[in-house]
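Let's take a friendly walk through a structure, one chain at a time, and then see where the chains meet. Keep the picture open beside you as you read.

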Amino acid sequence: MSEEAALSATPDIPEPALAEGTAAQVVLASADAPADPQMAAGEDAFQQCSGCHEIGQGAEHGIGPHLNGLFGRVAGSHGDFRYSEAFQRAKSGALTWDAKMLDAFLKDPRSLTSGTRMSFRGIKDASERATLIGYLRAFSDDPADIPEAAPTKQASDHNLDPAILALKGDPEYGEYLSGECTTCHQASGGDTGIPSIVLWPEEDFVIAMHAYKNKTRTHPVMQMVAGRLGDEEIAALAAYFGQLE
Amino acid sequence: MTLNRRGFIGSAAAVAGALAAPMVMAQGKPRVVVVGGGAGGATAARYIAKDSKGEVDVTLIEPTRSYYTCFFSNLYIGGFKDMNDLGHTYGGLAANGVNVVHDWAVGVDRDAKTVGLAGGGSVAYDKLVLSPGIDFVDGSVEGWDLSAQNAMPHAYKAGSQSELLRAQLESMPQGGTYAMVAPPNPYRCPPGPYERVSMVAHYLKVNNPTAKILVADPKPKFSKQALFEEGWNNHYSGMIDWIGDDFGGGNVSVDPGAMTVSIDGEVTKVDVCNVIPGMKAGRIAELAGVTDGNWAPVNAADMSTKADADIYVLGDASQQGDMPKSGFSANSQAKVCANAVRGALTGSKVFPAKFSNTCWSLIETNDGVKVGATYEATEEKIAKVDGFISQTGESADVRKATYEESEGWYTGITSDMFG
């Protein structure tokens with residue numbers, strides 16, 4: 001999917017999909033009208049997902065896969081759902097959904113899995129994400145194992161020092177450093193076999209590279225390459241690739 | 001001329017400096033000549049031309065009009081790629097402002113700073129980048145020389161040799177024997193011979209399942225050995241007999257007329273014999289006088305030769321330290337060199353050297369593995385910093401993703417080389 005589509009996409013809910021996707025909500029709303037205020041808030045938050053995803057009893061795959069049993073599952077692992085290449089990669093990297101991963105993903109889906117078809121800008125408000133994650137968790141096995149208060153105690157989706165994010169990269173230095181990237185990643189933005197890294201928002205690029213550096217992201221080549229890049233160098237690369245053509 | 005100039009420098013450095021600057025101006029733009037249009041040379045030519053934005057005159061000397069990459073040529077032998085998939089032309093470089101000359105470089109006059117061409121004439125340079133790849137060491141395998149390369153192909157320079165080997169493989173009688181004489185260290189593409197064994201086995205498994213593969217190897221161990229042996233066991237059980245140095249694999253001679261291989265005194269009649277001899281730097285490096293033994297020693301910071309500060313050697317031909325001889329390495333070295341050469345000629349900013357390499361190998365359909373490392377420049381060599389290798393027992397999904405990644409890399413690096 002194009003970066004542009006993702007950038008401009010708002011969580012508009014296509015009407016027909018909404019109509020189809022309401023089975024789960026009906027179950028919830030009618031059977032156990034949420035006595036728990038946290039669940040009620042979660043259900044509200046889930047409205048922006050329900051255009052594409054179903055959850056609860058009888059949930060099926062729609063535009064996106066159903067979200068029952070999400071916690072502890074390897075990303076992209078429903079055998080009967082056709083995933084984007086991004087999620088096939090996530091699966092082969094054994095990315096597992098837990099509260100931390102979901103929080104990073106929901107904040108900016110493309111930052112964690114570049115190239116996902118999920119046309120969703122992300123949820124910037126940390127407490128809203130926590131509410132939604134708590135709600136999703138209720139539909140996974142044995143949610144009681146997770147301390148009830150956890151969703152509201154989420155850290156932000158990255159532990160990056162704000163000073164690192166604030167670094168202004170030198171695009172000329174980035175251009176030189178980019179030689180190490182363009183042996184595999186095409187400068188034209190082509191993405192066959194290896195994802196595109198051009199025209200990312202600089203912050204997403206920096207977060208992703210630091211996620212490789214600290215080995216949150218799993219790809220061994222990228223862990224190795226990012227592992228020896230300093231903060232200034234990552235900022236320089238983000239600045240260079242962010243403004244290519 | 002050299003003597004006169006030395007005289008100047010010795011007596012009055014300031015005068016020599018004043019003399020040098022107008023020389024360059026009188027001749028117009030600074031001139032870079034690159035010999036060899038592969039992963040090292042094409043990349044260096046493209047980056048110097050592209051980044052100098054017309055400030056540097058770049059000439060690439062490459063004899064072939066269609067260049068066939070050695071990387072992925074094993075996949076052609078296995079039937080996974082067409083020869084056309086491996087062919088590239090130089091129109092993209094010409095469009096980037098590189099003056100492409102299709103000729104052989106046959107000599108370097110270091111005093112006059114010119115490169116002689118087989119077609120006659122010469123090209124002048126201020127900086128010369130040699131990226132000639134490999135040639136074979138005479139007498140490396142007893143009984144084999146270049147005149148035997150039709151009977152016993154090396155297929156270690158891609159193109160007609162790869163096609164010949166594939167044709168011989170197709171003509172093997174049922175239950176026949178394919179022999180390989182593997183090369184001694186150091187050589188181009190360390191996992192290459194073993195990926196080739198895998199690709200040959202893939203072909204035979206489908207078309208000639210009772211055939212055997214016999215490998216005589218002068219080395220006691222080889223690159224990605226555990227991964228290859230696991231794969232051979234899983235996919236081609238009983239087909240491949242690898243004889244390492246411990247069992248006489250280095251005591252080899254061949255008879256191209258009789259089509260026999262002698263391994264530690266035991267003579268075997270074979271149907272195909274793929275001889276990959278010992279290697280050395282492409283001949284132009286030797287002719288330029290920048291080699292020491294088989295290879296050209298270089299400074300890690302910029303790939304300039306120890307012998308001549310105005311001549312750089314990239315890729316397989318260089319002796320640089322820890323990097324394997326690979327297309328990826330040559331491409332990586334070329335970008336460091338391009339930055340340094342441009343800086344020396346135009347005063348543009350020179351950034352510290354950083355190198356990296358990854359080698360992917362295909363063992364069987366969708367069973368890809370990889371090994372890679374990062375490197376830095378130290379005083380004495382290019383030194384390894386960090387590395388990784390695929391693990392034995394990885395899932396089919398991981399191996400498939402690795403193979404798909406290698407295809408993405410092929411597209412990436414060839415775009416990076418040829419524009």
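Let's start with how much of chain B is tucked away: of its 419 residues, 49% count as buried. Keep in mind that this is a predicted model.

**Chain B as a whole**

Chain B is built from 12 helices and 24 strands. How does its radius of gyration agree with that of a compact globule? For 419 residues, such a globule would have a radius of gyration near 22 Å, and chain B has 23 Å, so the value agrees. Along its principal axes, the C-alpha trace of chain B spans about 75 × 45 × 40 Å. Now think about contacts between residues at least 6 apart in sequence: in chain B, 69% of these join residues at least 24 apart.

**Chain A as a whole**

Chain A has 14 helices and 0 strands. Of its 245 residues, 41% count as buried. Among its contacts between residues at least 6 apart in sequence, 65% join residues at least 24 apart.

**One residue up close**

Let's zoom in on Leu136(A), which sits in helix H8 of chain A, residues 126-137. Is Leu136(A) buried or exposed? It has 25 C-beta neighbours inside 10 Å, and therefore it counts as buried, since the cut-off is 20 or more. Leaving aside neighbours within four places in sequence, Leu136(A) is in contact with Leu67(A), Leu70(A) and Leu102(A). The chain also brings Asn68(A) to this region: its C-alpha atom is 7.8 Å from that of Leu136(A), although 68 residues separate the two along the chain.

Next, look at one helix pair in each chain. The table gives how their axes meet.

| Helix pair | Axes come within | Crossing angle |
|---|---|---|
| H12(A) and H14(A) | 9 Å | roughly 140° |
| H11(B) and H12(B) | 11 Å | roughly 40° |

In chain A, the angle means that H12(A) and H14(A) are oblique to each other, and their crossing is right-handed. On the H12(A) side, the contact is made by Glu202(A), Phe205(A), Val206(A), Met209(A) and His210(A); H14(A) brings Ile234(A), Ala235(A), Ala238(A), Ala239(A), Phe241(A) and Gly242(A). Sorted by class, this contact has 8 nonpolar, 2 polar and 1 charged residues.

In chain B, H11(B) and H12(B) are likewise oblique to each other, but H11(B) passes H12(B) in a left-handed crossing. Here the contact is made by Gly327(B), Phe328(B) and Asn331(B) of H11(B), together with Ile413(B), Asp416(B) and Met417(B) of H12(B). By class, that gives 3 nonpolar, 2 polar and 1 charged residues.

**Where the chains meet**

How many residues does each chain give to the contact between them? Chain B gives 29 residues and chain A gives 24. On the side of chain B that touches chain A, the elements giving two or more residues are helix H11 (327-346), strands E22 (354-364), E23 (367-377) and E24 (382-389), and helix H12 (396-418). The largest share of that side, 13 residues, comes from H12(B). By class, the residues on this side of chain B divide into 8 nonpolar, 12 polar and 9 charged.

Note on methods: Residues are numbered from 1 along each chain as its sequence is written. Chains are lettered from A and ligands numbered from 1 in the order in which they are written. This is a predicted model: local features need pLDDT of at least 70, side-chain atom pairs count only at pLDDT 80 or more; totals for chains, interfaces and linings use all residues. Helices (H or I, at least four residues) and strands (E, at least two) are DSSP runs, numbered from the N terminus. The radius of gyration is taken over C-alpha atoms; the globule rule is 2.2 Å times the number of residues to the power 0.38. A residue is buried if 20 or more other C-beta atoms lie within 10 Å of its own, exposed if 12 or fewer, and partly exposed in between; C-beta atoms are placed from the backbone. Two residues are in contact if their C-beta atoms, placed from the backbone, lie within 7 Å. Axes are lines fitted to C-alpha atoms, for helices over the stretch in contact, and angles run from 0 to 180 degrees between N-to-C directions. Angles under 35 degrees count as roughly parallel, over 145 as roughly antiparallel, 65 to 115 as roughly perpendicular and the rest as oblique. A crossing is left-handed if the near helix is turned anticlockwise from the far one by less than a right angle, and right-handed if clockwise. Ala, Val, Leu, Ile, Met, Phe, Trp, Tyr, Cys and Pro count as nonpolar, Asp, Glu, Lys and Arg as charged, and the others, Gly among them, as polar.
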